[in-house]
Amino acid sequence: MNTPFPNLENPTRRNLQRLFLLRSVMVAFMLAATLTLFYLNIPLPKLPIAFAVGGMLLLNVMTLLRLKKFSNVTDQELLLQLLGDLVALTVLFYFTGGYSNPLVWMYLLPLTVAAVALKREYAWLLAIIAVSCYSTLVFYYVPLSHLHMHYLAGKSLDIHLVGMWLGFVVSAGIIAFFVTRIGQSLRDYDQMMASIREKSLESERALSLGTLATSAAHELGTPLATMAVISKELAQDLSNQPEQLQQLEIIRTQIGRCKEILSSITHHAGQSRADAGHGLTLSQFLQEAIQRWRDTRPATELVIDLNNGSSDPLIFTDKTLTQAIQNLLDNAADASPERVLFNAIWNNDTLKIQIRDFGNGLSDEVKKQLGTPFFSSKNGNGMGLGVYLTEIILAKFGGTLTLSNHSEGGVLTVVKLPLHKLRIAH
């Protein structure tokens, strides 16, 4: 059935959006921690903190402007963003206690994003830089005093341990909230690519079938012409036998129908609309398609119900769409040779067709494979292309096809077709 493509948004751009949010949370947490330490009268170097936090804020402003103006984001750009975060954090930690700073766990956040969103080489590069920065802070840093025992509300608290606990809580929340979404973004992208590959394979199969059909049309032309000549001669010989002549006329009609189909394969290949804007009202189009099918299946009673309300839009007469309707009617008549129901209802925007047969219905196995090329449920009497080709034709116009077992027996086939691609504007 027709499935629209998922959103083709660049996954790296989406990850940059999430890095923007992640950095915003980091900045907010650092500001909150700084204000808390100021409130506890713990002396902090104001200028280095302002420089580091301001640098991250400036990077976020640049990121926001970048996301608004451009849609494509590269892995290299995301790598530079994460390197900027590492530089800002290193400056902050150097002036606030180095490796003893309880917020040093923030080094892990850019690394986690890199591990999920970037290729292995970039992730390892960031890991080496982060480890080098952390190792340097073990030996070179500005000590931060009064960062241990502190009395608050009559209780003794180790600010360093409290900071480590709070850091774990925040980092766990950030990883759970942001990184899982980055992973989901990549999974969605993989699913999108799988869908595109499936559509590509389907297009290749359709192209192969088109090539095969054109070749068959060329090869079948000669035997059909021979049959037409012989049937004409037989008609002259049977001019005095009305009953046999009537049966022969049916054969001649079918031969003419085959020649017309083969001619349309080559003449209308690649065309999605009729010649030079020729169109019909939707009701006329349906009636012509139904009549063409009746000419080929005169023994099957087709009960028709066309309900257009007050709308009858003018549409382009598409040959392939006519063939799709006839394919569905053929399948219904094969399952229910005596009688088939055809119901169509529409407005200016949408056409809905329901075709019901009175056969044995669809088995579970048939439901699973229905629409697969060359799969037939007719015990070797079909080519297995009717439903498959119909789905391709309907998908070209944004339509859908569903087949299900009717509650009272038989199969109910439902076609839903938007008319915006077919309607002729007045």
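Biologist: Which strands and helices do the buried residues of helix 8 pack against?

Modeller: Bearing in mind that this is a predicted model, the buried residues of helix 8 pack against strand 3 (279-281), strand 4 (301-307), strand 5 (314-316), strand 6 (339-346) and strand 7 (350-356), and also against helix 9 (319-335).

Biologist: Which residues of helix 8 are buried, and what arc do they cover around the axis?

Modeller: The buried residues are L282, S283, F285, L286, A289, I290 and W293; they cover an arc of only 165° around the axis, which puts them on the same side of helix 8. Helix 8 itself, residues 282-296, reaches 22 Å from its first C-alpha to its last, close to the 21 Å expected.

Biologist: How is a pair of aromatic rings described?

Modeller: One gives the distance of the centres and the angle of the planes. This structure holds four aromatic pairs; in the pair of Y99 and Y141, the centres are 5.8 Å apart and the planes stand at 75°, so the pair is edge-to-face, as an angle over 60 degrees requires.

Biologist: Which parts does the pair of Y99 and Y141 tie together?

Modeller: Y99 lies in the loop between helix 3 (75-94) and helix 4 (108-117), whereas Y141 lies in the loop between helix 5 (120-139) and strand 1 (149-152), so the pair ties together parts that are 42 residues apart in sequence. Y99 is partly exposed, at 38% relative accessible area, and Y141 also counts as partly exposed, at 29%.

Biologist: Which residues do ring pairs link into a cluster?

Modeller: Ring pairs link F93, Y107 and Y134.

Definitions and conventions
Residues are numbered from 1 along each chain as its sequence is written. This is a predicted model: local features need pLDDT of at least 70, side-chain atom pairs count only at pLDDT 80 or more; totals for chains, interfaces and linings use all residues. Side-chain values use heavy atoms; hydrogens and water are left out. Rings of Phe, Tyr and Trp (its six-membered ring) pair if their centres lie within 6.5 Å; planes under 30 degrees apart count as stacked, over 60 as edge-to-face and the rest as tilted. Helices (H or I, at least four residues) and strands (E, at least two) are DSSP runs, numbered from the N terminus. Buried means under 20% relative accessible area, exposed over 50%, partly exposed in between (1.4 Å probe, protein chains only). The expected span of a helix is 1.5 Å times one less than its number of residues. The arc is that of the directions from the helix axis to the C-beta atoms. Contact means heavy atoms within 4.5 Å.
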